[in-house]
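The model is a predicted one.

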Amino acid sequence: MVVSLQCEWTIQCREGYSHVSLLFSRVETEEDYDEVVVFEGNQAADAAELSRLSGHNIPPTTVETSGRTALIRFTSDEDVAGVPVTHLLPGQLLLLCFCLH
């Protein structure tokens, strides 16, 4: 896969909270070419991978970390049916983030 777009978001809960809970209520990507990956902590490493979402018609998915930090990475290949991808379209990814005690 040739990567043309990669976005990362780090979710860091303040002191007093124990972990992060992420609810992906909608994920719409080009299956096997575009993906959303959630990692434990603030580093993208295979051992820290908690979830990998790709495709459409994915049921709402909750991902929880064991610590106060999560890294979310969206990766897209160079096109969708021949059209270059340069951004994440509105509505493709709907996510609620919670810091829990």
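A residue is called buried when its relative accessible area is under 20%, exposed when that area is over 50%, and partly exposed in between. Arg52, with a relative accessibility of 43%, therefore counts as partly exposed.

## Strand 3 and its two partners

Strand 3 spans residues 35–40 and is mostly covered, with five of its six residues buried. Strand 3 pairs with strand 6 (residues 69–77) in the antiparallel sense, through six bridges. Within this pairing, Glu35 has Thr75 of strand 6 as its bridge partner.

Strand 3 also pairs with strand 4 (residues 49–53), again antiparallel, over four bridges. Here Phe39 stands opposite Glu49 of strand 4. In general, the strands of a sheet pair through backbone hydrogen bonds, in either a parallel or an antiparallel arrangement.

An open sheet is formed by three strands in the order 5-2-9, and its pairing is antiparallel. Strand 5 (61–64) and strand 9 are the edge strands, each pairing on one side only. From one strand to the next, the twist averages 20°.

Strand 2 and strand 5 are joined by four bridges and run antiparallel. In this pairing, the bridge partner of Leu23 is Thr62 in strand 5.

## The largest nonpolar core

The largest nonpolar core has 15 residues, and those touching the most other members are Ile11, Val20, Leu22, Phe24, Val27 and Val36. Strand 1, strand 2, strand 3 and strand 6 are the elements that each give two or more residues to this core. Strand 2 gives the most, with four residues.

When neighbours within four places in sequence are left aside, the residues in contact with Val20 are Ile11, Cys13, Val63, Glu64, Thr65, Gly67, Arg68, Thr69, Ala70 and Phe98. One of these contacts, Cys13, is also a partner in the disulfide described next.

## The disulfide and the other cysteines

The structure holds one disulfide. Its partners are Cys13 and Cys99, whose sulfur atoms are 2.0 Å apart. The pair links distant parts of the chain, 86 residues apart: Cys13 belongs to the loop between strand 1 (3–12) and strand 2 (19–27), and Cys99 to strand 9 (residues 93–100). The torsion about the S-S bond of Cys13 and Cys99 is about -90°, so this disulfide is left-handed. A disulfide is, in general, a covalent bond between the sulfur atoms of two cysteines.

The two partners fall into separate accessibility classes: Cys13 is buried because its relative accessibility is 1%, whereas Cys99, at 31%, counts as partly exposed. Cys97 is in no disulfide, and the nearest cysteine sulfur, that of Cys99, is 8.0 Å away. Cys97 has a relative accessibility of 38% and so counts as partly exposed. Cys7 likewise counts as partly exposed, at 23%.

## Salt bridges

The count of salt bridges comes to five. One of them joins Glu8 and Arg73, with the closest N and O atoms 2.7 Å apart. Because Glu8 lies in strand 1 and Arg73 in strand 6, this pair ties together parts that are 65 residues apart in sequence. Glu8 is partly exposed, its relative accessible area being 40%.

Arg52 takes part in two further salt bridges: with Glu35 at 2.6 Å, N to O, and with Glu49, also at 2.6 Å, N to O. Glu35 is buried, with a relative accessible area of 17%, while Glu49 is partly exposed, with a relative accessible area of 28%.

Conventions
Residues numbered from 1 in each chain as written. Predicted model: local features only at pLDDT ≥ 70, side-chain atom pairs only at ≥ 80, totals over all residues. Heavy atoms only, no water. Buried < 20%, exposed > 50% of the residue type's maximum accessible area, 1.4 Å probe, protein only. Pairing = 2+ DSSP bridges. Disulfide = S-S within 2.5 Å. Core = buried A, V, L, I, M, F, W, Y, C linked by side-chain atoms within 4.5 Å. Contact = heavy atoms within 4.5 Å. Axes fitted to C-alpha atoms, helices over the stretch in contact; angles between N-to-C directions. Salt bridge = Lys/Arg side-chain N within 4 Å of Asp/Glu carboxyl O.
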